Amino acid sequence: MLIPTRLMRWLLPWLAVLSAVLLAGCAGTIVRSEVTAFHEWPADPGEKSYSFSRDARQANDLEYRSYENLVRNELQRLGFSETAGGRLRVNMDYHVDARDVQVVEPVIMDSWYGPGFLGRYHYPYGLYSPYADPFWFGPPVVQPVERRYVVYTRQLRISIARAADGRNLYQVTVNSQGGNPSLAVVMPAMVRSAFADFPGPSGVSRVIELKVDPPR
């Protein structure tokens, strides 16, 4: 059976959008983070040796250790070296908060079929009959529809302090929002954002977008 021409013309733009979304999902996820760093980083920091500062719970947390490895990789890239008695102490903390969101959006409703393609007429010829063209009785009707969903705010905080006196030299906070509560998906991008252009401007919020490749 053939789909009516006018219905196909209406569907084609939506199919194009759906295809673009699917292709983007295959290519990876874009993580958009708000990054704010405060620092008193010396022009000549001297020996950039460090060690992680963690409590017993963190030391035995496999998720924490996995994210710690991400931070370790970034510090190594920046020329830091990890030693037991390093001159610097690195602290890391993270959490996820959830909040309910309620929005009212305009939705295109078929003027004949109504919601669910049944409408009040229950036309017997079905969707693919030439008499069942959804535009036969006029254009679609736009109606407000209430939608509820959950937004997750993910936060990462990293600080670097002098081991000798505990004076903080670098503190950065990274926030990102999305519909996925899993930190494991977005943490690689959040850690990279925390050290982008290190030490970067102090006290200035920046928005950084990075792509995270899908797991293989």
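Predicted model: local features only at pLDDT ≥ 70, side-chain atom pairs only at ≥ 80, totals over all residues.
The protein chain has 216 residues, of which 31% count as buried, and its secondary structure comes to 4 helices and 7 strands. If you read the elements from the N terminus on, the order is α-β-β-α-α-β-β-β-β-α-β. Of the contacts in the chain with a separation of 6 or more, 78% are between residues 24 or more positions apart. As for the surface, the chain exposes about 13600 Å², and carbon and sulfur atoms supply 56% of that area.

The average pLDDT of the chain is 79, and 70% of the residues score at least 70. Which elements mark the two ends of the range in mean pLDDT? The lowest mean, 48, belongs to helix α1, which covers residues 5-27, while the highest, 97, belongs to helix α3, residues 62-77. Over residues 10-17 the pLDDT is below 50, and this stretch has 4 contacts in the model beyond near neighbours in sequence. For residues 19-26, where pLDDT also stays under 50, the model has 1 contact beyond four places in sequence. I will therefore leave helix α1, with its mean pLDDT of 48, out of the rest of this talk.

I158, leaving aside residues up to four places away in sequence, touches V71, V90, N91, M92, Y170, Q171, V172, A194 and F195. In helix α4 we find V191, which counts as buried because its relative accessibility is 1%, where the limit is under 20%. Beyond residues up to four places away, V191 touches L70, V71, E74 and L156. The C-alpha atoms of V191 and Y67 are separated by 8.2 Å, although these two residues are 124 residues apart along the chain. Helix α4 also holds S193, and this serine is buried as well, with a relative accessible area of 1%. Again not counting residues up to four places away, S193 touches S33, V35, V174, I208 and L210.

Now to the aromatic residues, of which a search of the whole structure finds 10 pairs. One of them joins Y50 and F52 in an edge-to-face arrangement, at 5.5 Å centre to centre and with 85° between the planes. Are these two residues, Y50 and F52, buried or exposed? Both of them are buried. Another pair, F195 with F198, is tilted, with 6.1 Å between the centres and 45° between the planes. F195 is buried at a relative accessible area of 1%, and F198, at 17% relative accessibility, counts as buried too.

Finally, I would like to look at what follows F195 in the sequence. Where is D197 placed? D197 is in the loop between α4 and β7, and it has a positive phi of about 55° although it is not a glycine. At 62% relative accessibility, D197 counts as exposed, whereas F198 counts as buried. The peptide bond from F198 to P199 is cis, with omega near -5°, and P199 is found in the loop between α4 (183-194) and β7 (204-212).

Note on methods
Residues numbered from 1 in each chain as written. Heavy atoms only, no water. Phe/Tyr/Trp six-rings, centres within 6.5 Å; stacked < 30°, edge-to-face > 60°. Buried < 20%, exposed > 50% of the residue type's maximum accessible area, 1.4 Å probe, protein only. pLDDT = per-residue confidence, 0-100. Contact = heavy atoms within 4.5 Å. Areas by Shrake-Rupley, 256 points an atom, 1.4 Å probe, with all protein chains shown as cover.
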